[in-house]
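Subject: Structure handover

Dear colleague,

Here is the structure we spoke about. My notes on it follow below.

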Amino acid sequence: MAEAALPVIRVLVVEDEPLAAEAHAVYVGRLAGFELAGTASTGQDAFRRVAAASSAGTPIDLVLMDMNLPDGHGLDVSRRIRSAGLATDIIAITAVRDLDNVRGAIAAGVVQYLIKPFTYSTFATKLSSYRDFRAELHGQASVVTQSAVDHAFASLRAPTDIPRPKGLAESTLNPVVRYLQAQARPVSASELMEPLGLSRVTARRYLEYLADSGLVLRAPRYGTPGRPENEYSWKPGR
């Protein structure tokens with residue numbers, strides 16, 4: 001019997017800054033397997049939307065929760081959602097980096113933590129790892145094995161948690177990412193040089209970093225004269 005397809009993940013964006021809310025909504029729309037269920041600018045509105053969607057039989061699967069809201073803290077909203085028995089997962093979005101907030105997020109059942117500012121590639125990787133987490137548990141029996149649980153939670157440890165090597169600049173990384181996303185076929189470091197004005201060594205460093213981060217597929221290119229080289233392509237859905 002064929003395995004059932006994973007249902008589309010419905011996402012609520014909770015963010016009081018209009019430009020940030022719009023950007024996060026656009027990011028969600030670009031990701032395969034996700035759909036925007038709406039946006040909320042306050043904690044009260046977020047809770048109301050999650051509760052209403054659950055009552056209507058169209059539950060919100062994931063909330064992207066800003067931690068600093070006009071009417072309270074995002075963790076308080078998260079705890080209220082939990083105490084009401086509403087089955088939705090939460091990814092915290094915040095510029096606050098102190099350990100107490102991180103511990104509080106974990107205690108409130110937050111499954112991922114996105115620290116502002118972040119790029120689309122980081123956003124996409126976090127949500128893709130969350131999608132992998134759901135896929136690992138989708139279709140499991142009501143009683144799961146230790147192995148199934150281990151694999152599911154391993155999916156939440158996003159590959160971009162690999163520290164960026166010193167000397168790799170965001171201003172160069174972003175154009176490399178956009179160029180790879182636009183290509184219909186894999187490219188080598190040599191082929192990346194000219195369009196982005198990079199040296200071969202620099203191009204290879206960025207490509208290798210993206211491959212090690214899990215965002216890019218890396219494979220040897222066969223049948224070319226001279227030194228063997230790798231080719232790189234953006235992972236589908238990333």
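A residue counts as buried when its relative accessible area is under 20%, and as exposed when that value is over 50%; anything in between is partly exposed. Please keep in mind that this is a predicted model.

By that cut-off D66 is buried, because its relative accessible area is 3%. The residue belongs to strand β3, which covers residues 62–66. The unreviewed UniProt entry places the feature "modified residue: 4-aspartylphosphate" at D66. Apart from neighbours within four places in sequence, D66 is in contact with V14, E15, D16, G74, I93 and K116.

As for the chain as a whole, it has 238 residues, and 42% of them count as buried. Nine helices and 10 strands make up the list of elements. Among contacts with a separation of 6 or more, 63% are between residues 24 or more positions apart. The accessible surface is about 12,500 Å², with 55% of it belonging to carbon and sulfur atoms.

Aromatic rings come next. The count is three aromatic pairs. In one of these, F118 and F123 have ring centres 6.1 Å apart and planes at 20°, so the pair is stacked. Both F118 and F123 are buried. Ring pairs join Y27, F118, Y120 and F123 into a cluster. Y120 also has the charged end of R30 over its ring, 3.8 Å from the centre. Elsewhere, the charged end of R80 sits over the ring of F47, at 3.8 Å from the ring centre.

The whole structure has 13 salt bridges.

- R79 and D76 form a salt bridge with the closest N and O atoms 3.0 Å apart. Both lie in helix α3 (residues 74–83), three residues apart, which is about one turn of the helix. R79 is partly exposed at 40% relative accessible area, and D76 is partly exposed at 45%.
- R134 and D89 meet in a salt bridge at 3.9 Å, N to O. This pair links distant parts of the chain, with R134 in helix α5 (residues 120–137) and D89 in strand β6 (residues 89–94), 45 residues apart. D89 is buried at 18%, whereas R134 is partly exposed at 23%.
- E229 and R200 form a salt bridge, the closest N and O atoms being 3.5 Å apart. Here strand β10 (residues 229–234) holds E229 and helix α9 (residues 200–212) holds R200, 29 residues apart.

Finally, salt bridges with shared partners join R185, E191, R221 and E231 into one network.

Regards

How values were computed: Residues numbered from 1 in each chain as written. Predicted model: local features only at pLDDT ≥ 70, side-chain atom pairs only at ≥ 80, totals over all residues. Heavy atoms only, no water. UniProt positions renumbered as here; feature names shortened; annotations may be inferred. Helix = DSSP H or I, 4+ residues; strand = E, 2+ residues; numbered from the N terminus. Buried < 20%, exposed > 50% of the residue type's maximum accessible area, 1.4 Å probe, protein only. Contact = heavy atoms within 4.5 Å. Areas by Shrake-Rupley, 256 points an atom, 1.4 Å probe, with all protein chains shown as cover. Phe/Tyr/Trp six-rings, centres within 6.5 Å; stacked < 30°, edge-to-face > 60°. Lys NZ or Arg CZ within 6 Å of the ring centre and 35° of its normal. Salt bridge = Lys/Arg side-chain N within 4 Å of Asp/Glu carboxyl O.
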